[in-house]
Amino acid sequence: MPLDPEVVLAGLDDEQRAAAMAVTGPVVILAGAGTGKTRALTHRIAYATAIGAQDPARGLAVTFTTRAAGEMRTRLTGLEVPALQVRTFHAAALRQLKFFWPRVVGGNFPKLLESKARVVAEAASRCGLPTDTAIVRDLAAEIEWAKSSGHAVDDYVRKAAGRTMPADLLPADVARVYSSYDDIRIDRDLLDFEDVLLLTVAMLDQRQDVADEIRKQYRWFTVDEFQDVNPMQARLLELWLGDSQEVCVVGDAGQTIYTFTGASPEHLLSFTKRYPDAVSVRLVRSYRCSPQIVALANRVLDAATGPAAALRVSLRSEAEAGPAPTITAYDDEPAEAAAVAAQAAKLIAAGLLSREIAVLYRTNAQSEVYEAAFANAGVPTVLRGGERFFDRAEVRTGITLLRGAARAAGSQSDATAQPVELGQEVAAVLSNTGWMPKPPAGSGAVRERWESLAALVSLAEDLAASQPLAGLSELVAELDRRAEVQHAPQVAGVTLASLHAAKGLEWTAVFVVGLAEGMLPIVYADTPERIEEERRLLYVGVTRAKRDLALSWSKARSPGGRTGRNPSRFLADLTGAAVPQQPKSATTKRRKVAHCRACGRSLVTAAEATLGRCTGCPANLDADLYDRLREWRLRLAGHRGVPAYVVFTDRTLQAIAELQPSDSAGLAEIAGIGPRKLVEYGEQVLELIAGAAVANIALPEAPPIA
Ligand code: ATP
Ligand code: MG
């Protein structure tokens, strides 16, 4: 039953209420972290439902991460609107595409490609390009950008003008990989993440009957985190709406963290241009974070530069005062993780629920050391997130057993049935999977499986508390209903998540870890815009905390390892301490692809890369210099008792004779002349280039090279 409309509104401040009461027509809420945007949006739906202005069965709420969708679902359920569909853009599109596939395309639905890396690597190799992890990652990101922006292969080169290319490749090379990637994908009947959106957009665009049907099904649209919408998602929303204006969007430009995929806060910022009649609301009070955390968050953004900086609004905290955030340096990553796990254990011992704690990091690879540390400390963790709860193998098995037990109980005569408490009954059924009421020691995968089943028991206990007559069949019906809308029960455990996945969520205590240069900002953030995006990621991270916030970094990766790391430059903005930046060469050590100096094509083979031109392109080699270089090499190799190629290969000599650099910087550019050879032979080679005769070059006394 819907709530009393007044009860719904009672939980809102004036501005939020204005948004919630605008139940028809377009609404936009633009506000900072923790100001209650998601709260206003969910209350708007609840209020509209309560007064009969919207039918939740015909509403669709979308957001960007499965975790955020889960959070929104939990809030809507709390507001007695459990029936409304909450999905990510991707999941909503996938559902529609699958549904209409038999009618629009026919045949089996293609398999979904979870990660592009393998196929991109194959495509790169078909194009004769390198396939290192870093290049493949950058190429995949570039393909994602192109697809999310709606740029087809043929258009790519034109649209990518001015973009930084992966590994200095030429746009034409990236286009070849893009094209070859799609060929392989289509050959194998695979759909990637972006294809799902692209095809749904195309389907709605081209099939009036499908568009009509979808518009008949969904009448009210709500989008959270709208700052991160990419062109394809924005287009999909437009198509869902058709002529309708029943849309409410909320977002914060200061939390834009997906521009690398083509997302842009422009859609949010220009919403009132598109819909001049929109009710527009701004919120500035942070209800989530303590004043201490808000002060730190404001400082993170104070140092921002670029266009987003101009738009930022300082937050004011309405929340209770809390402890000052801490910034700590550790010797190495395991020490950092152990200290974080110990602090979390202390908070839990002091009465905080483990699900009120999160550890946030920049890359998923960082989770491992935290999983190990928390396992050592005996603190359960939730790595997979609440989102896919109903897809977990143990949960499926558990529900199948419960369904069987419910059926068996239903066929028994009531006279023989003993009244048993539902929670105990469920525990007994689940014991068939080996589950026991006492948690296993440690954490990790075993503990996570245990927690999933424990969540089913708690759900049964909650159900029995709210509906004392409920039995197994009511529980199974409740589980089916929740599975249908992916409404996972809460599972105990400290959340381990990436900063990207933490968007929109909140915890009482948050540890933002690994704040070293190269991790945050991540080493491949190589433009000022990308650095600013990394700063916003930190802002997102720190504003997840309600009461306790701890920032940390470590000086080395492993115990006793090189302590060459520096704290993140963003920490310097917070503490005022200068952070020595890594020298450029150390942070940009990624492999780059060289180009032919004659025709400009990307050079693929090692031979071409050393020459600095395609083998087929004309060389302007100074033959006399080349001969002298070879003569010098022969003398030197003889003097040292090493084979000639150990000094320099033919190809390197050829490149020197073609390029004739005039200083050691120029020499260093030539492949095959590393720092050591530069020191040992640089002077002599430069003399030869300047015209010296071999006989006049003094042979060095240095020991033979290895
Ligand atoms: P983010 O930008 O991180 O997504 P948000 O703007 O969506 O944040 P919410 O998550 O809706 O913010 O709200 C942050 C916290 O503040 C929540 O716990 C919410 O319940 C609480 N809150 C928001 N508005 C109010 C209010 N008017 N009264 C009491 N609590 C509120
Ligand atoms: Mg939110």
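Reader: Is Arg-601 buried, partly exposed or exposed, and how should I read its relative accessibility?

Author: The general idea is that a residue counts as buried under 20% relative accessible area and as exposed over 50%, with partly exposed in between. In this predicted model, Arg-601 has a relative accessibility of 35%, and therefore counts as partly exposed.

Reader: Where in the chain does Arg-601 lie, and with which residues is it in contact?

Author: Arg-601 belongs to the loop between helix 25 (584–587) and helix 26 (606–611). Once its neighbours within four places in sequence are left aside, Arg-601 is in contact with Leu-170, Ala-594, His-595, Cys-596, Glu-608 and Cys-614. As for Leu-169, its C-alpha is 8.8 Å from that of Arg-601, although the two residues are 432 residues apart in sequence.

Reader: Turning to ligand 1, which domains give residues to the shell around it?

Author: Both domain 1 (5–95 + 197–283) and domain 3 (316–388 + 488–588) give residues to that shell, so ligand 1 lies between them. Helix 3 (residues 37–50) gives the most, with 3 residues, and by class the shell has 3 nonpolar, 9 polar and 8 charged residues.

Reader: Which side chains have an N or O atom placed for a polar contact with an oxygen atom of ligand 1?

Author: A polar contact is read from a pair of N or O atoms within 3.5 Å. Here the side chain of Glu-506 has such an atom 2.5 Å from an oxygen atom of ligand 1, while for Arg-544 the distance is 2.7 Å and for Arg-75 it is 2.8 Å. The protein covers 85% of the 630 Å² of accessible area that ligand 1 has on its own.

Technical notes. Residues are numbered from 1 along each chain as its sequence is written. Chains are lettered from A and ligands numbered from 1 in the order in which they are written. This is a predicted model: local features need pLDDT of at least 70, side-chain atom pairs count only at pLDDT 80 or more; totals for chains, interfaces and linings use all residues. Side-chain values use heavy atoms; hydrogens and water are left out. A polar contact is a pair of N or O atoms within 3.5 Å; within protein, one must be able to donate a hydrogen and the other to accept it, and residues adjacent in sequence count only if both atoms are side-chain atoms. Accessible areas come from the Shrake-Rupley method with a 1.4 Å probe; for residues, only the protein chains shown count as cover. Helices (H or I, at least four residues) and strands (E, at least two) are DSSP runs, numbered from the N terminus. Ala, Val, Leu, Ile, Met, Phe, Trp, Tyr, Cys and Pro count as nonpolar, Asp, Glu, Lys and Arg as charged, and the others, Gly among them, as polar. Domain bounds come from an automatic or database domain assignment. Buried means under 20% relative accessible area, exposed over 50%, partly exposed in between (1.4 Å probe, protein chains only). Contact means heavy atoms within 4.5 Å.
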